[in-house]
Amino acid sequence: MSTQRYLGVSGRLPDFPWDKLTPVKEKAQAHPDGIVDLSVGTPVDPTPQVVQDALRAAADAPGYPLTIGRVETRQAVVDWFARCHGVTGLGVDQVLPLIGSKEMIGSLALHLGIGEGDLVVYPELAYPTYEVGAALVGADAVATDALTALGPRTPRLLWLNSPSNPTGRVLPPAHLKKVVDWCRERGVLLVSDECYLDCVWEGEAYSVLHPDICGGSTEGILAVHSLSKRSNLAGYRCAFVAGDAAVVAELLAVRKNLGLQMPAPQQAAMVAALTDDAHVAEQHQRYAVRRERLRAALLAAGFTIDHSEASLYLWATRGPQGPDCWELVEEMAARGILVAPGAFYGTAGSHHVRVAFTATDERIDAAVARLTA
């Protein structure tokens, strides 16, 4: 029996972008002092001790966890939203733990019955998984920051991402409120990817669930959050979605049939991470120092930094008429520094590179020395 008929889904999806970096990575690895990998942006600092302790204490977990998660887990999310981001009025029935935010972003359209003939909209410069989620279900996808570009067509799903990956741009409250109002007038589900909300360096970022933006109602709105960046928990796969109770209930009904359950030890770790603000402030300070050192070095090397007021990246270029992003990637690789080409995030990024500052202090120092030599 031929298996060819089972092999068509991957053909719908865009190429996995990081595979294209392999030859350039090999070039950077050839540097005498080794590679400085500033491409993916994976956390390298220790997982906070308070989180490790909570995980160990919950290690005896013989029973199945529930997809809905423990009440304590969801209450920790509610309390964190109120304490740290001014989001009030949430209940535990409006929160669902996730096995990392990427699986949610990639599967949301599928789980909500969005498909062929429907429209999914995401930012002009965007994390590739928004496109993947639309492609997986055969929906039409448009990358745009201008709602007027959609013409008369009404999306089923609209993604926001503030603070942005890759640009670090933060959308002001008035803009967020305008998008909320636009979506509500048309019955569009608005999902805000807010995974970098605790990684702000200039100004202030707001959740779309803040009462000044959503008007005190979560109707038609979801916010997705991750603990990977703020708490060095990328290996734990701890995230959550919160917002419209009816949509959360629908996601729960689908996901429990699929057995999508956050393990109980990870739930205990997530409670500890959301309850303890000290480690967040400590990590924020580490990143602030690395960011400033790397930023100064890039400027000294002739780069311009656009946006980058938040997130864990510097969005660097030599101008709209300057070198193509792949030329910049090659130039950096010749110095033993691996960065991500802006084209990974959309055609509008074709003259930028995304430079993560999540490496160790020693590797950041190495990058600074190479850029300023």
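Residues are numbered from 1 along each chain as its sequence is written, and side-chain values use heavy atoms, with hydrogens and water left out. In this predicted model, local features need pLDDT of at least 70, side-chain atom pairs count only at pLDDT 80 or more, and totals for chains, interfaces and linings use all residues.

User: Is His352 buried or exposed?
Analyst: His352 is found in strand E13, residues 352-356. Helices (H or I, at least four residues) and strands (E, at least two) are DSSP runs, numbered from the N terminus. Buried means under 20% relative accessible area, exposed over 50%, and partly exposed in between (1.4 Å probe, protein chains only). Because its relative accessibility is 11%, His352 counts as buried.

User: Which side chain makes a polar contact with the side chain of His352?
Analyst: A polar contact is a pair of N or O atoms within 3.5 Å; within protein, one must be able to donate a hydrogen and the other to accept it, and residues adjacent in sequence count only if both atoms are side-chain atoms. Contact alone means heavy atoms within 4.5 Å. Leaving aside neighbours within four places in sequence, His352 has contacts including Trp315, Thr317 and Cys325. The polar partner, at 2.8 Å, is Asp306.

User: Where does Asp193 lie, and is Asp193 buried or exposed?
Analyst: Asp193 belongs to strand E6. Beyond neighbours within four places in sequence, its contacts include Ile105, Tyr130 and Val224. With a relative accessible area of 5%, Asp193 is buried.

User: What separates the C-alpha atoms of Asp193 and Leu222?
Analyst: Along the chain, Asp193 and Leu222 are 29 residues apart. Between their C-alpha atoms the separation is 8.6 Å.

User: Which elements cover the buried residues of H5?
Analyst: Helix H5 spans residues 129-136, and its buried residues are Thr129, Tyr130, Gly133, Ala134 and Ala135. After H5 comes Gly138, with a positive phi near 75 degrees. The cover over the buried residues includes helix H4 (101-111) and strands E3 (119-122), E4 (140-143), E5 (157-161) and E6 (189-193).

User: How are H2 and H9 oriented to each other?
Analyst: Axes are lines fitted to C-alpha atoms, for helices over the stretch in contact, and angles run from 0 to 180 degrees between N-to-C directions. Angles under 35 degrees count as roughly parallel, over 145 as roughly antiparallel, 65 to 115 as roughly perpendicular and the rest as oblique. The axes of H2 (residues 49-57) and H9 (residues 264-275) come within 8 Å and cross at roughly 150 degrees. H2 and H9 are therefore roughly antiparallel.

User: How many nonpolar residues are in the contact of H2 with H9?
Analyst: Val50, Val51, Ala54 and Leu55 in H2 meet H9 residues including Pro265 and Gln266. Ala, Val, Leu, Ile, Met, Phe, Trp, Tyr, Cys and Pro count as nonpolar, Asp, Glu, Lys and Arg as charged, and the others, Gly among them, as polar. The contact holds 1 polar residue and no charged ones, and the nonpolar count is 9.

User: How does H4 lie relative to H8?
Analyst: The axes of H4 and H8 (residues 245-258) come within 11 Å and cross at roughly 105 degrees. H4 is therefore roughly perpendicular to H8.

User: How does H1 lie relative to H11?
Analyst: H1 (residues 22-29) and H11 (residues 325-334) pack at about 25 degrees, with axes 7 Å apart. That angle makes the pair roughly parallel.
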